[in-house]
Amino acid sequence: MQHIEPNILRRHDLESLAAVERAFHTGPLSRAVGDAPQLERRSGLTAEEFRREYREPQRPVVLEGHAADWPAVQTWSFDHLADRVGDVRVVVDSYNTKAAREATVAEFVAMLKDNRHQGATPIYLQEWYYQTTAPELAPDMPEMEIARYDFRRDLYGEDASTNHQLWLGQQGGVTRLHQDSYSVDVMHAQIVGDKLWYVMGPDAVLREDTEADWTRLVETPETQLMQFVLKPGDVLYLPANWYHRIQLLSDSIGLGRKCLDEVNLQAHIRQRMTELLALALNPDEVKRTHPELFDVVLMRSRAWAKRMDIDLSRLRP
């Protein structure tokens, strides 16, 4: 018998995802998000202060202007990327199996400019593993001292641990509420444009999709519902398993940089192994139960394998 996740917020089926997204527009959650407190913002923190005050107690924070001196923050635009790496091929709207299509970066930028008419669905380039296809961009986003605790270096090696993602999207685009996979901390650096984030703590629970249950969710202290806007140069630290939903207030470019805290190592390995074994041993069932994620997970795994120099045609080294 298939296990049904009791917490709707953790489910990945299309009906549950749609129900949660609707709640941001109508009902108790939609009323609560507008009044939600702002996430704490700090500037000028040292790596030691960050470790002591936020990473060890697992407290989210916006590090204001932490990446302001990056070349990417100072010089990038959509046209800049089209001119510089315009021939690189990417998958646009990869989170939507019906809309997903391949294009070059230059074609994506042209699509974005043409997609301005009223009622148009915003387009999004999600999880672009640029270091596998456009490594020349990497020096524009240097490593952050506060991120050096990332245990993936010890686990997978330097190349795999720096397999970061770029997110390029159009104003109005939305990434639905979710927890990031593999029990990793989120460090998202905003490069171009503004993003509105809503976050909830890892203990947030929704048992049923009813008015009463949504009211219970937003009124429960463990939910820790908060909001904030991430601006160019800002870096978000969001501990593992926090829920987050993102709305693009303008055309946006951001860097998704993940960190594995050693305290989450066992959970990380178990989730990685579960995903890989499911793909290898039960692909038809996984594709049926997670149609919107199947191709995305394959893309992640291929990019990860390439960074680790794994030959996928071989069963053993």
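How near do the axes of helix α2 and helix α10 come, and at what angle do they cross? The close-up views below, all taken from a predicted model, begin with this pair.

**View 1. Helix α2 against helix α10.** In this predicted model, the axes of helix α2 (residues 28-35) and helix α10 (residues 211-219) come within 8 Å and cross at roughly 20°. Since angles under 35 degrees count as roughly parallel, α2 and α10 are therefore described as roughly parallel to each other. The crossing in which α2 passes α10 is right-handed. On the α2 side the contact is made by P28, L29, R31 and A32, and on the α10 side by E211, W214, T215 and V218. By class, the residues of this contact of α2 with α10 divide into five nonpolar, one polar and two charged.

**View 2. Helix α11 against helix α13.** Helix α11 (residues 265-281) packs with helix α13 (residues 294-307) at an angle of about 110°, and their axes lie 11 Å apart. That angle makes α11 roughly perpendicular to α13, as angles of 65 to 115 degrees are counted in this way. The crossing of α11 and α13 is left-handed. Helix α11 contributes R272, E275, L276 and L279 to the contact, while helix α13 contributes F294, V297, L298, S301 and W304. The residues of the contact of α11 with α13 comprise six nonpolar, one polar and two charged.

**View 3. The buried side of helix α5.** In helix α5 (residues 78-85), the buried residues are F78, L81, A82 and V85. These residues cover an arc of only 105° around the axis, which puts them on the same side of α5. Among the elements that cover the buried residues of α5 are helix α6 (105-114) and the strands β5 (124-128), β6 (165-169) and β13 (252-259).

View 4. Y124 is found in strand β5, which is one of the elements covering the buried residues of α5. With a relative accessible area of 4%, Y124 is buried, because residues under 20% relative accessible area are classed as buried. Not counting residues up to four places away in sequence, Y124 touches V92, D93, F108, W167, L168, G169, V174, T175, K195 and L248. Y124 and D251 are 127 residues apart in sequence, and their C-alpha atoms are 9.7 Å apart in space.

Conventions: Residues are numbered from 1 along each chain as its sequence is written. This is a predicted model: local features need pLDDT of at least 70, side-chain atom pairs count only at pLDDT 80 or more; totals for chains, interfaces and linings use all residues. Side-chain values use heavy atoms; hydrogens and water are left out. Axes are lines fitted to C-alpha atoms, for helices over the stretch in contact, and angles run from 0 to 180 degrees between N-to-C directions. Helices (H or I, at least four residues) and strands (E, at least two) are DSSP runs, numbered from the N terminus. Angles under 35 degrees count as roughly parallel, over 145 as roughly antiparallel, 65 to 115 as roughly perpendicular and the rest as oblique. A crossing is left-handed if the near helix is turned anticlockwise from the far one by less than a right angle, and right-handed if clockwise. Contact means heavy atoms within 4.5 Å. Ala, Val, Leu, Ile, Met, Phe, Trp, Tyr, Cys and Pro count as nonpolar, Asp, Glu, Lys and Arg as charged, and the others, Gly among them, as polar. Buried means under 20% relative accessible area, exposed over 50%, partly exposed in between (1.4 Å probe, protein chains only). The arc is that of the directions from the helix axis to the C-beta atoms.
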